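Subject: Structure handover

Hello,

Here is the structure I said I would pass on. My notes on it follow below.

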Amino acid sequence: MAGKVFFSVTMSLDGFMAPEAVPVEYLFSPEGHHDPRAQRWLAKWSELQAWLFPQRWFRENLKLGEGGEEGLDNDIARSTYERTGASVMGKRMFDAGELAWPEDAPFHTPVFVVTHTERDPWERPGGTTFHFVNDGIESALLQAREAAGDRDVRIAGGAETIQQYLDSGLLDEFSITLAPVLFGTGIRLFDHVDPDRLTLDQARSDASSRVTHLTYTVAKRRPAATA
């Protein structure tokens with residue numbers, strides 16, 4: 001269990017990692033296609049992730065066809081995937097993905113879903129198996145570490161799950177891809193994180209013509225000495 005625990009997300013310039021929450025059934029259902037809330041959510045999400053869609057690795061992984069852009073953004077997207085031996089996600093992210101992901105889900109590793117719902121493991125083509133963990137984030141991480149071996153564990157999302165891992169001091173590093181878009185409202189990445197419990201160091205910064213990739217290491221902040 002030598003790998004790191006990390007997350008990697010795209011964030012708007014004003015600090016949002018997703019538009020305002022919309023019920024999953026509105027996003028990926030026939031009714032949602034005509035719902036202004038769902039249309040607005042999908043439009044904002046597409047704008048935020050626009051840097052990723054043309055990348056060669058993204059197109060290959062989702063079997064969207066040959067070709068695509070190569071360069072810094074493509075290299076970072078590919079390396080994030082290649083370092084990941086297992087993923088952890090929350091129930092809301094899984095519920096949305098279950099409706100939206102192709103049959104050959106895009107992880108190709110074990111995925112541990114933090115949930116209160118009991119369910120047998122769900123195996124998909126291409127090497128992805130979803131395991132449903134009912135006893136908290138630490139248990140999910142322990143199982144993910146065992147599955148990942150010497151590779152890294154990615155906390156895939158959503159925001160609440162990432163915040164729980166940050167606040168618990170269980171993360172080693174994270175990467176933010178800063179996109180040149182403004183949301184105004186939405187789900188903030190650091191809303192419920194206690195800033196007094198963590199200290200961050202910037203490990204690297206890489207800029208392309210589309211976005212800026214920022215990587216930070218995370219450590220628990222030591223309590224202040226008392227007289």
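Helices and strands in these notes are DSSP runs, numbered from the N terminus. Please keep in mind throughout that this is a predicted model.

Overall

The chain holds seven helices and eleven strands. Its radius of gyration is 18 Å, close to the 17 Å that the globule rule gives for 227 residues, so the chain is as compact as a globular protein of that length. The C-alpha trace spans about 65 × 40 × 35 Å along its principal axes. Of the 227 residues, 42% count as buried. The accessible surface of the chain is about 12,100 Å², and carbon and sulfur atoms account for 50% of that surface.

Rolling a probe the size of a water molecule over the atoms shows where empty space is left. The second largest pocket contains about 290 Å³ of space. It is lined by 16 residues, and those closest to its centre are Ile76, Ser79, Arg83, Ser175 and Thr215.

Which elements each supply at least two residues of this lining? They are the helix α4 (72-83) and the strands β1 (5-12), β8 (173-179), β10 (198-207) and β11 (212-220). The most comes from α4, which gives six residues to the lining. By residue type, the lining of this pocket has seven polar, five charged and four nonpolar members.

The cavity

A search of the whole structure turns up one cavity of 30 Å³ or more. Ten residues line the largest cavity, and the closest to its centre are Gly3, Arg145, Gly149, Arg151 and Val153. The space in the largest cavity is about 40 Å³. Its lining divides into five nonpolar, three charged and two polar residues.

Backbone points to look at

Most residues other than glycine have a negative phi, and most peptide bonds are trans.

- Glycine 157 and glycine 158 are joined by a cis peptide bond, with omega about -5°. Glycine 158 sits in the loop between β7 (152-157) and α7 (159-167).
- Lysine 63 is not a glycine, yet its phi is positive, at about 55°. This lysine belongs to the loop between α3 (56-61) and α4. With a relative accessibility of 60%, lysine 63 is over the 50% cut-off and therefore counts as exposed.
- Histidine 108 also has a positive phi in a residue other than glycine, near 60°. Histidine 108 is located in the loop between α5 (91-100) and β4 (110-114).

Threonine 129 is part of strand β6, which covers residues 129-133. Is threonine 129 buried or exposed? Its relative accessible area is 17%, and buried means under 20%, so threonine 129 is buried. With neighbours within four places in sequence left aside, threonine 129 is in contact with Thr109, Pro110, Val111, Pro121, Trp122 and Glu123.

That is what I have on this structure for now.

Regards

How values were computed:
Residues numbered from 1 in each chain as written. Predicted model: local features only at pLDDT ≥ 70, side-chain atom pairs only at ≥ 80, totals over all residues. Heavy atoms only, no water. 1 Å grid on protein atoms, 1.4 Å probe; cavity = no way out; pocket = protein on both sides within 12 Å on 5 of 7 lines; lining within 4 Å. Points joined across faces, edges and corners; volume = space filled by probe spheres on them. Helix = DSSP H or I, 4+ residues; strand = E, 2+ residues; numbered from the N terminus. Nonpolar A, V, L, I, M, F, W, Y, C, P; charged D, E, K, R; others polar. Rg over C-alpha atoms; globule rule 2.2 N^0.38 Å. Buried < 20%, exposed > 50% of the residue type's maximum accessible area, 1.4 Å probe, protein only. Areas by Shrake-Rupley, 256 points an atom, 1.4 Å probe, with all protein chains shown as cover. Contact = heavy atoms within 4.5 Å.
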